[in-house]
Amino acid sequence: MRNLVVISHPDPDSLTHAIADAFAGGLRESDPAVRVEIADLAAEGFDPRQTARDLAAHLLTATPAADILAEQARIDRADRLVLVYPVYWWSFPALLKGWIDRVFTNGWAYGYTEDDGRKKLGRLEVVLVAVAGTDAGTYARHGYFGAMRTQIDHGIFDYCGARVVRHELLLESHGADQQPNLDAARRLGRNLAMRQAA
């Protein structure tokens with residue numbers, strides 16, 4: 001199985017990057033033949049800002065820009081899309097949200113009617129790994145994770161037909177000991193690799 005792991009944190013020494021590496025390591029431990037491509041949006045200089053051309057592509061009056069076609073091709077090569085992201089204001093960081101806004105386009109990710117195959121990414125499996133700064137009680141008390149799942153799992157990926165097979169919330173990312181979060185990410189990668197092999 002081909003995995004595309006997308007990271008949108010600007011600091012290569014961040015916990016987000018370490019968690020993505022641990023996840024990829026878990027995949028490889030369980031299946032040495034697994035393919036993992038890392039897309040580091042910040043390091044690659046992806047521009048998350050919508051352009052006039054993006055809007056024209058949305059209206060199907062222009063083709064998407066070359067950088068968008070390249071990202072779509074990268075997703076097309078993958079069987080599983082893994083987004084590892086820090087939680088900013090109970091959602092994605094702007095860089096990752098802009099990547100989705102620009103890349104998951106009308107005509108490629110979805111269409112407007114059933115006649116044009118509204119959900120176009122039905123073959124894609126999605127795993128989301130959110131790196132959160134606070135504790136489980138805060139998320140439970142305010143319903144933040146449920147709101148994130150409604151917005152992201154259903155509002156984005158289900159709309160395109162992609163199957164979210166896991167949305168993991170790794171908590172207390174500002175604590176001194178991050179080994180439990182790294183271990184959880186490695187286990188998640190290992191378990192997904194074993195599930196696909198079964």
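Helices and strands here are DSSP runs, a helix being H or I over at least four residues and a strand being E over at least two, and they are numbered from the N terminus.

Before going on, a word on what is on the screen. This is a predicted model, in which local features need pLDDT of at least 70 and side-chain atom pairs count only at pLDDT 80 or more, while totals for chains, interfaces and linings use all residues. Residues are numbered from 1 along each chain as its sequence is written, and side-chain values use heavy atoms, with hydrogens and water left out.

Back to Glu-172. Its phi is near 55 degrees, a positive value in a residue other than glycine. Is Glu-172 buried or exposed, or something in between? Its relative accessible area is 47%, so Glu-172 is partly exposed. The cut-offs are these: buried means under 20% relative accessible area, exposed means over 50%, and partly exposed is in between, with a 1.4 Å probe and protein chains only.

Trp-89 also has a positive phi, about 50 degrees, although Trp-89 is not a glycine. Trp-89 lies in the loop between β3 and α5, and with a relative accessible area of 81% it is exposed. Tyr-88 is in the loop between β3 (80-86) and α5 (94-103). Tyr-88 has 36% relative accessibility, so it counts as partly exposed. Tyr-88, Trp-89 and Trp-90 make a nonpolar surface patch of about 410 Å². A patch is made of residues with over 30% relative accessible area and no salt bridge; like charges are joined within 9 Å, and nonpolar side chains (Val, Leu, Ile, Met, Phe, Trp, Tyr) within 5 Å. The accessible areas come from the Shrake-Rupley method with a 1.4 Å probe, and for residues only the protein chains shown count as cover.

Next, helix α1. How far apart are the end C-alpha atoms of α1? They are 23 Å apart, which agrees with the 22 Å that the 16 residues of α1 (residues 15-30) should span at 1.5 Å a residue. The expected span is 1.5 Å times one less than the number of residues. Several residues of α1 are buried, among them Leu-15, Ile-19, Phe-23 and Leu-27.

Now salt bridges. Side chains of opposite charge can pair when their charged atoms come close. The cut-off used is a side-chain nitrogen of Lys or Arg within 4 Å of a carboxyl oxygen of Asp or Glu. How many salt bridges does the structure hold? It holds 16.

One of them joins the side chains of Arg-190 and Glu-29, at 2.9 Å from N to O. This pair links distant parts of the chain, with Arg-190 in helix α8 and Glu-29 in helix α1, 161 residues apart. Arg-190 is partly exposed at a relative accessible area of 27%, and Glu-29 is partly exposed at 45%.

Another joins the side chains of Arg-102 and Asp-54, at 2.7 Å from N to O. Arg-102 lies in helix α5 and Asp-54 in helix α3, so this pair ties together parts that are 48 residues apart in sequence. Both Arg-102 and Asp-54 are buried.

Arg-149 forms a salt bridge with Asp-153, and their closest N and O atoms are 3.2 Å apart. Why are these two about one helical turn apart? Because they are 4 residues apart in helix α7. An α-helix has 3.6 residues a turn, so residues three or four places apart point the same way. Arg-149 is partly exposed at 38%, whereas Asp-153 is buried at 11%. Elsewhere, salt bridges that share partners join Glu-37, Glu-44, Glu-71, Arg-74 and Arg-77 into one network.

Helix α7 also holds Phe-157. Phe-157 has 0% relative accessibility and counts as buried.

Last, the largest pocket, with a volume of about 300 Å³. A pocket is an open set of points on a 1 Å grid over the protein atoms alone, where a 1.4 Å probe fits, with protein on both sides within 12 Å along at least five of seven lines; lining residues have an atom within 4 Å of a point. Grid points are joined across faces, edges and corners, and the volume is the space filled by probe spheres set on the points. The lining has 18 residues, and Ile-100, Asp-101, Phe-104, Thr-105 and Tyr-110 lie nearest the centre. The elements giving two or more residues to this lining are α3 (52-58), α5 and α7 (144-160).
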